[in-house]
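Please look over the structure shown here, and then read the briefing that follows, which moves topic by topic through its features.

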Amino acid sequence: MSKRGQATIIIFLAIIIVVVIVLLFFLVKSKVYIGGTNVENLRRELDPIAKHIEKCLYDLTTQYAAAMGQQGGYLEQTENTYLLYNSQKISFLCFNTPKIIGCSNRYLRLNDMESQLKLAIISKLDSCININSFKKSGFSITPGNKDLQIDISPDNIITSLSYPIKIKKDNSEVEVSTFSKAVPLPLGRLYSAAMDIVNLESLTDKFDTVVYSVIKSQLTGKPYIIQKLQPYPNKVYILKIKDIPEEANPYVFQFSIEGEGK
Amino acid sequence: MKLTKLISVIMVYLVVTISFSLYAPKEVSAAQQACCQLTKSGNYCRYTDVADCNTNYLTASNIYCENVDFCKTGCCYDTAEGSCYTGVAKSRCEASKDSVWNPNPSCMIDQCNPGCCQISDQCSLSTQTKCRSIASKYPGAEMIFHSSIVDEQECIDKCRGIEEGACISSDGSCKRTARSECTEIKSTGSKSGFNPGMLCSHPDLSTNCAPQQSTACVGEDVYWFDSCGNKENIYNSNKKLSYNSGYVQKEDQACKASPNDPDCGNCNYLSGSLCGEAKNVNPKYGNYICKDMNCYNVYENAASPNSGGNKKHGESWCLYDAAVGPGKDVVGSRQRRAVCLNGEEVIEDCKDYREEYCIQNKVGDENLGISVLDIFRQEFTGYTEAMCKENKFEDCNSCTKQECCEEENKDCYWASWGNTGDLTAGGLCVPLVPPGLKFWDSSADSVCNEASQTCKVEYKRSGWQAMAGEWECTKNCQCTERSWLVNANKYCKAMGDCGAWYNVEGKLTTDGYSTPNRAPKGGAIASTELESWSTILSQQTPELIALYSHNINYFESQVETPLWILSGLSATSLGFAIWGGPVRWYMQPAGFSPLFWTLFGVLLVSAILSLEADSKTETYTFNCEPWKPPESNEDCTKCDKYGRECTEYLCKSLGKNCELVNEGTTDQKCIVKVKTDTASPFITPGNMSFEIIEKENGFEVDGLVKPFTPVELFLNTNEPAQCKFSLQPLKAFDIMEYDFGSTLYITEHNLIIPIPSEATKEEVLLATNGGIYNLYIKCKDSSDNTNTRDYSIKFQIDSGPDQTPPSIEKTLPDNNSPIPYGKDKFDVRLLLNEPSDCKWSLVNKDYTQMENSFICLKSGLDISTFYPGLYDCTTSLSNIKQNQMNTFYIRCADKANNVQQQSYVYSLVSTPPLQITDIKPKGKVYTRYPVLEVTTSQGANNGIAVCGFNEKEVTLANMLQMFNTNSTEHSQQLQPTQSGSYTYYVSCVDKAGNIVSGKTQFDLEISLAAPQIYNIYKDKISNILHISTTEDTECQFLDKQFTYGTGTAMTNPNTKDHTAPLGFSVYYILCQDKFNNQQTAVIYP
């Protein structure tokens, strides 16, 4: 064989190797081991599992985010840290400082809320996800360990579950490793407004809901509704974004400020 | 002596002991409080019981946390998020990861300085670290931090000014982006790359994006979107104007929308409009409009002059319960602020006990020079703003001069109507809005007592008066008058909830003062001496009208009327009358000479005058005391009237025995608590779903209770009460084990007792005398009266074998539901009343012979999450025959093996496939705006379906829904930009889930060039105007401007030559070709 012919073969092989590497690169997320049987069929088996897991993520996130909003950013509340108002335990985000103007900021951070949501959701995931119900004869489903990531953005809560699941039949195997779901709840947006309120209350004891709502609505194009109630001697702030389209039960973030009575 | 000494020693011992014992509890009490660095419950820096402090952390006894170094409040900076939090306790901050504490309380530190964070084309105000933190979540996005921009509006405007355009990729797809976002390289001869100022649908770009396909909200405005999902220009129903020839249109060049404008989407939030989904208005295109954010027909009451009517977005006004002002606020009242916010009327309570009051003013008229009282009563025209303001009344009493009283930092009022005795000060300084007091406890005594008054009235009498037995008042004579009493009360109630006054329900009590020594005649203050309730309720009291209208003091004019002078004059007149009248008449008949009478008179007068003059002082006292609530309890339940929040203050003002219970719960209510009440709650059975046999003090359930059937018991009490029960009789209320449903004070009590299957077990039946259960109930009212006798409820479990088969309560999907064509299996779910096993078959047969099983939950504890009390069974029904009703027979057996003897007949209707019978357009199409039309038939509902479309073959979920759909006829106007071959894919779905897809292909010929009018002449003989066009057109004319379709048609449509009769001085001509391109001409023949 001539040198030119050898070079051609080497180049040809090199191209094949590159193509294979590129293919593998694109299949990192959903690894496909091409075996003897139909991989596409296996992939199809994964679809309902993925939908089931994503539904679990959506339902649990919705449930706990609603509770978090109702309870002022805390899912678990200890004694003397909340106000019982309309049978709802509403967390104090600022504690009374006797005889002094202002209050002591409880320092609720966004990542504290993310951590709480993560713990609550992951504790319920096992009972929600039922992989066994998808088992069929001839198929083997092998789930791995779960790791959950929560990201609260202004208008969405994004849950990403790392949960490798392998489906195997004969010599074919398909794996999916991450599931994610964005739940459209304005927790992050309302938390941010709540912190603006708490920061001002902690310094001055005062906050004008109208001026803030109007300015914030104008700047963001989101119709903020902020209501201040004053169950003596405390304050309760109820924050929501007026839904477009309007819903019967819009998402609410409410918290309280501890006050000093007579 | 020794005895005396002994007694003395004992006395000294007792005194010392008692003194210490009196002091000691206070010391103990004080020592119990401490500032805990960390409490046992995990909270930092709480001033609480020392026992709550975590002993592994620091504790500062009897010192508020603000005064302890480790709990000082300052700025806490989260280095990871880049956020700053003010007023955070040092220990709290330092306990958190990535947090740094700084003593600057308001976070005026470098790390917290905000700037404008620009990430790609998005701008927001944040710290630099936070900006980086956000940007890190978007790899590849460009981040710029503008530290010089600290104003949020300026920051947002910064991004609004970013140059945008169409970013075209090498594959021809287009995205509207900022220049910095477009990474495509612009190459010569190619359209790929960034095309500044152009929309993706611009004809020159030859993209597949059709313009103005849908509308949606972006910020506050409504925008058009193209078929590729790119934002276009602000919505205008005049598409041409909005399209701006395919170029980006600036906001100030767009139309101006009014609220609910169907034609324009350039909303103005500050004017009360914001983009939102249209509800009662039909926009010409799409579903979004500039929604009206104003409020209409808001709540109105007579005491609030600015309530009612229509309000603008952002407008706020005050709501009052009744009259407001010095001495006018009724007991229990609370001021409120109402706000119109984004179309909603939001009502905010000012702080209770009138620690805040509501003031309002017209915007732009902040300095009208009106008196402070005007703000409560004046009706403003125009845009008003209101606020709850802290009531700074504490220092009013200390002011003795008007200047002091009217200082800006005080909420006081200089009242000229106080009775100061000598009136040298000319008035008294009282709270502008009387504070609410806890009139029911001793804390109110001292506040009211400040307004107590003592007036020493001096009298003297001369000889004449002594003889007549009369005294002449010489000093402070006004104190003997009723007006003194009434004014003393005015001053008294101006201090707070003191004296004689009304409560919020208009009940007047007059026990809030006493006159222990001497008082003006006439007894207690009568209701007629005070303003009527109707005038108080409407803020129309004469005093207030006078105050507001003339700025003079109504009371002052009354009080200063010198009545005592008038009465003195009257007395003198009477003296003369007596002398000249009856005396002379009486003496005349004696028969003495006039000289005698003269001498006698002189001697008598001399004798009287020689009598010694006398004087005395009388003390009039007005003791101002806390207001007393009415004896009647009838108003207690009115506490939450009109939806107002029932608070302790309001509740207690409504009646002497009104008391707030269930505080903090949805059952918070004001009830009657009679301290002398010794009667315990009276229990009666409520409405139950089964028969009962009433006994002397209880009842018995008639019949046997089935296991697995929860027993729901209802009891009523004649007054709000807490109820508990025990399984053993004669237990005291406090040691009863179980709450009867709720721990709240309520009158209707409800308890659900689940009866588990274990209740029928032999050993349980033995222990319960054959399954007989007795519940012994006691209730306690709010006066702590508890039942001494048990109220008993008796029921018996059906101890015989369970012979009742299970019952199917619900199916999912419902029986007879349609299902899509082509499915030979379908998942269904049964919900049963007890845990069971179920089977199904295609023919009606015995349970044991049925071939197919459901998967059922086994335990009695596995109750369905979504259908409480029911138990799940699921399966996949198979052998479904197409296009017909499929019937399945289901039978279930419970855990006691009770089998249903009749099958549950369950049907699923397999529907015929949904069909697309026609898709248009097809073949050659010559129109500027072709319409995609789809016709559907058959399926679950004779072809009624929802359809979507796309230029690519995608799933229905990824298609755009057609503009007119949910019918058998579906249509969508297309807006291709150039001639060519087009393929559109369509998918439709019906109620059963049948999905059908189709496509159409057509060759479009369009011309963007308007026809030219090139030959115009008039035929004077025939009196006809001729025109010629460069292509076949239809033309119309009028003598004024018009839109195509409204003019008069010229001759020869669809040709190049057209005529019109002459007669007008000017001709406006519009010609349109088959592509709807138009050309205009103005001709002066």
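**Briefing on the predicted model**

A:Lys99 counts as exposed, at 66% relative accessibility, where exposed means over 50% relative accessible area, buried under 20% and partly exposed in between, computed with a 1.4 Å probe on protein chains only. This is a predicted model, in which local features need pLDDT of at least 70 and side-chain atom pairs count only at pLDDT 80 or more, while totals for chains, interfaces and linings use all residues. Residues are numbered from 1 along each chain as its sequence is written, chains are lettered from A and ligands numbered from 1 in the order in which they are written, and side-chain values use heavy atoms, with hydrogens and water left out.

**Backbone details in loops**

- A:Lys99 lies in the loop between strand E3 (88-96) and strand E4 (103-105) of chain A, and its phi is near 65 degrees, a positive value in a residue other than glycine; helices (H or I, at least four residues) and strands (E, at least two) are DSSP runs, numbered from the N terminus.
- B:Asp784 also has a positive phi, of about 65 degrees, although it is not a glycine; this residue lies in the loop between E39 and E40 of chain B and is exposed, with a relative accessible area of 52%.
- The peptide bond from A:Tyr232 to A:Pro233 is cis, with omega near -5 degrees, and A:Pro233 is found in the loop between strand E9 (224-229) and strand E10 (235-241) of chain A.
- Another cis peptide bond joins B:Leu812 and B:Pro813, with omega about 0 degrees, and B:Pro813 lies in the loop between strand E41 (808-812) and E42 of chain B.

**Aromatic rings**

- A search of the whole structure finds 33 aromatic pairs over all chains, where rings of Phe, Tyr and Trp (its six-membered ring) pair if their centres lie within 6.5 Å, and planes under 30 degrees apart count as stacked, over 60 as edge-to-face and the rest as tilted.
- One of these pairs, B:Tyr773 and B:Phe795, is stacked, at 5.7 Å centre to centre and with 20 degrees between the planes.
- B:Tyr773 lies in strand E39 (residues 772-781) and B:Phe795 in strand E40 (residues 791-797) of chain B, so the pair ties together parts that are 22 residues apart in sequence; B:Tyr773 is partly exposed at 21%, whereas B:Phe795 is buried at 3%.
- The rings of B:Trp840 and B:Phe888 have their centres 5.6 Å apart and their planes at 80 degrees, so this pair is edge-to-face.
- Because B:Trp840 lies in strand E44 (residues 836-841) and B:Phe888 in strand E48 (residues 885-894) of chain B, the pair ties together parts that are 48 residues apart in sequence; B:Trp840 is buried at 2% relative accessibility, and B:Phe888 is buried at 0%.
- One aromatic cluster is formed by A:Tyr232, B:Tyr353, B:Phe439, B:Trp440, B:Trp627 and B:Tyr649.
- The charged end of B:Lys311 sits over the ring of B:Trp317, 4.9 Å from its centre, a description used if NZ of Lys or CZ of Arg is within 6 Å of the ring centre and within 35 degrees of the ring normal.

**Strands and sheets**

- An open sheet of 5 strands in chain B has the order E42-E49-E48-E44-E45, with mixed pairing, and two strands pair if DSSP finds at least two bridges between them.
- Strand E42 (817-819) and strand E45 (852-853) of chain B stand at the edges, each with a single partner strand, so one side of each is left without a neighbour in the sheet.
- E48(B) and strand E49 (residues 904-910) of chain B pair in the antiparallel sense over 6 bridges, with B:Met885 standing opposite B:Val909 in E49(B).

**Nonpolar cores**

- Of the 65 residues in the largest nonpolar core, A:Leu117, A:Ile165 and A:Phe255 touch the most other members; such a core is a set of buried Ala, Val, Leu, Ile, Met, Phe, Trp, Tyr and Cys residues joined through side-chain atoms within 4.5 Å.
- The largest share of this core, 12 residues, comes from helix H2 (residues 39-70) of chain A.
- A second, separate core of 64 residues includes B:Tyr353, B:Ile359, B:Cys646 and B:Leu654.
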